[in-house]
Amino acid sequence: MTLRLYNSFSGQKEDFKPLSGNHVGIYVCGITAYDDCHLGHARAAVVFDIIVRYLRHRGFKVTHVQNITDIDDKIINRAREKGVSFKELSEHYTGEFHRDMEALGVARPDVEPRATGHIQDIIRLIETLVSKGYAYAVEGNVFFSVENFHGYGRLSHRSLEEMQAGARVEIDPRKRHPMDFALWKSGKPGEPAWESPWGPGRPGWHIECSAMSIRYLGETFDIHGGGQDLIFPHHENEVAQSVAATGKPFVRYFVHNGFVTINGEKMSKSLGNFLTIKEILSGYHPEALRLFLLSKHYRSPLDYSEDLIREKQVSLDRIYVTLAEALDAVASPAISPTIHPGASATGISPSTEVETAYSRINNLKELFYQAMDDDFNTAQAMGHVFDAVKGINTLLQISKKGPDQDCLAAIGAGVSAIREVGQVLGLFSTDTKSYLEGRRAEKLSKLSLTADQIRDLIHQREEARAKKDWAVADAIRKKLAGANIILKDSPQGTTWEIKE
RNA sequence: GGCGGCAUAGCCAAGAGGUAAGGCAGCGGUCUGCAAAACCGUUAUUCUCCGGUUCGAAUCCGGAUGCCGCCUCCA
């Protein structure tokens with residue numbers, strides 16, 4: 001089976017074949033370290049985290065490079081506002097970024113280069129562009145000449161004429177063409193600056209990604225990723241600079257993730273609907289956030305609301321409950337968890353219910369890979385996971401009536417299949433018991449009752465039930481229900497849960 | 001003004017020529033003293049609207065309407 005992915009260059013899904021054998025080089029545009037990361041950063045991070053995980057899972061050797069922009073106008077301005085150095089500011093927010101990523105379960109890239117660590121690479125690249133006639137220096141600035149580069153607009157599918165027609169920006173009179181962009185910016189007094197052939201200054205935004213991707217992945221590499229907003233001008237400019245400098249193709253597949261809106265509106269500081277990763281994780285499990293981000297295809301816009309994330313939290317709880325019950329069932333010492341259910345499953349029961357459950361479990365992996373091979377269709381993949389969960393639940397139901405070896409083996413196989421695909425999605429990685437205990441503690445903390453008080457009431461109800469005093473028993477059930485506590489009676493006794 | 005995207009049940013969402021996955025909510029049932037959980041069944045004769053191509057269209061083409069993004073820093 002071939003992995004197919006959507007290439008922004010062609011606007012179509014294409015078969016993915018790495019440049020050299022089994023090795024995949026992927027460069028993802030990271031953050032500019034001047035503020036806390038928000039939900040949009042979380043989406044991009046999780047999308048590319050899963051792409052990298054899936055490529056590796058499929059047997060590719062992946063080199064994942066993701067930059068951090070640590071010098072830039074926004075950083076300089078913010079540092080000035082706060083009265084700290086640009087370095088202190090960018091280091092602070094880089095640290096916050098790392099904490100957020102760790103909380104989200106996003107794996108660290110193999111290389112995490114920073115612009116200020118590659119000034120010499122950048123200067124050399126600009127010199128090449130100047131010497132080849134693609135760039136010109138004016139008053140300590142260096143601009144890239146879009147007219148001299150044929151093919152400008154190929155990625156964003158726009159011509160220079162179209163772009164000029166829509167220009168809304170005041171044009172820098174030093175530019176020869178309105179669309180020319182800065183490779184090197186001269187430093188005003190007091191601004192951070194590095195020595196260069198054009199005088200002291202700092203790199204433009206786009207050039208760092210060309211310099212660092214070429215350094216770590218070579219002049220031509222497989223995948224370049226980022227948010228859709230980066231297509232123009234950032235990635236268009238990267239392509240122009242890189243191709244002009246090397247004379248070779250730059251990136252083979254451009255992959256862009258869609259945007260996040262909040263209650264239907266674009267996130268923006270002026271609207272006051274900016275949600276940081278920290279804010280969301282203070283109320284929801286990181287895997288619930290991941291589940292939410294995966295619930296829609298990565299290229300589509302994704303709308304966030306409290307209702308939706310809460311729904312994902314409930315779904316995640318449900319899956320963990322199933323996994324926990326399945327593990328309990330399988331833990332029976334008489335049963336070997338290594339039995340493969342597929343072969344023995346067929347025919348052991350005439351019930352189609354059981355057959356369906358077996359196939360839901362046994363088909364999971366194949367269907368999951370099919371979905372992921374089709375441009376990382378995580379929404380579809382999750383549908384298959386839910387099917388497998390249903391299959392496990394069916395068998396759990398049956399095994400409660402009379403455990404049978406094949407049934408328990410299938411349950412075990414289901415758990416390991418879900419765990420396996422979960423590794424690709426970054427889900428179900430927490431120990432089931434600690435997950436459920438954590439969730440209970442979290443919900444309990446929002447309650448007016450303590451666990452001891454609840455246990456007392458349950459005890460009183462047990463006594464009433466023993467006397468078949470249903471009126472008292474039901475009154476206690478009702479009272480607890482009023483506090484959002486659901487009682488579950490079973491032959492082993494009564495347990496309780498807190499409703500979301 | 002230019003470029004691009006999206007419109008699928010009460011809500012979220014997959015499907016991209018062969019007769020509508022999955023999740024949430026709802027309803028009926030099994031189980032239960034009553035419940036809860038779980039499971040089973042059910043919930044879009046139809047995919048914004050109007051034309052066209054085709055044996056066949058939610059899927060392709062043309063048009064209309066609505067929403068969104070980019071063109072300026074942005075994941």
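Me: What makes strand 9, helix 7 and strand 10 a right-handed β-α-β unit?

Reply: In this predicted model, strand 9, helix 7 (residues 231-246) and strand 10 make up the unit. Point the strands away from you, and a path from the first strand over the helix to the second that runs clockwise is called right-handed. That's the hand found for this unit.

Me: How do you know that strand 9 pairs with strand 10?

Reply: Pairing takes at least two bridges. Strand 9 and strand 10 (residues 251-257) are joined by six bridges, so they count as paired, and they run parallel. One example is Gly226, whose bridge partner in strand 10 is His256.

Me: What joins strand 3 to strand 9?

Reply: Three bridges do, and strand 3 (residues 23-28) runs parallel to strand 9. Look for Val28, which stands opposite Gly225 in strand 9.

Me: Why is strand 9 called largely enclosed?

Reply: A residue is buried when its relative accessible area is under 20%. Seven of the seven residues of strand 9 (residues 221-227) are buried, so the rest of the structure largely encloses this strand.

Me: Now for another sheet: why is one side of strand 12 and of strand 13 left without a neighbour?

Reply: That open sheet has three strands in the order 12-11-13, with mixed pairing. Strand 12 (265-266) and strand 13 (302-304) are at the edges, each with a single partner strand, so one side of each has no neighbour in the sheet.

Me: And how do you know that strand 11 pairs with strand 13?

Reply: Again, at least two bridges are needed. Strand 11 (residues 260-262) and strand 13 have three and run parallel, so they pair. Thr261, for instance, has Asp303 in strand 13 as its bridge partner.

Methods
Residues numbered from 1 in each chain as written. Chains lettered and ligands numbered in written order. Predicted model: local features only at pLDDT ≥ 70, side-chain atom pairs only at ≥ 80, totals over all residues. Heavy atoms only, no water. Buried < 20%, exposed > 50% of the residue type's maximum accessible area, 1.4 Å probe, protein only. Helix = DSSP H or I, 4+ residues; strand = E, 2+ residues; numbered from the N terminus.
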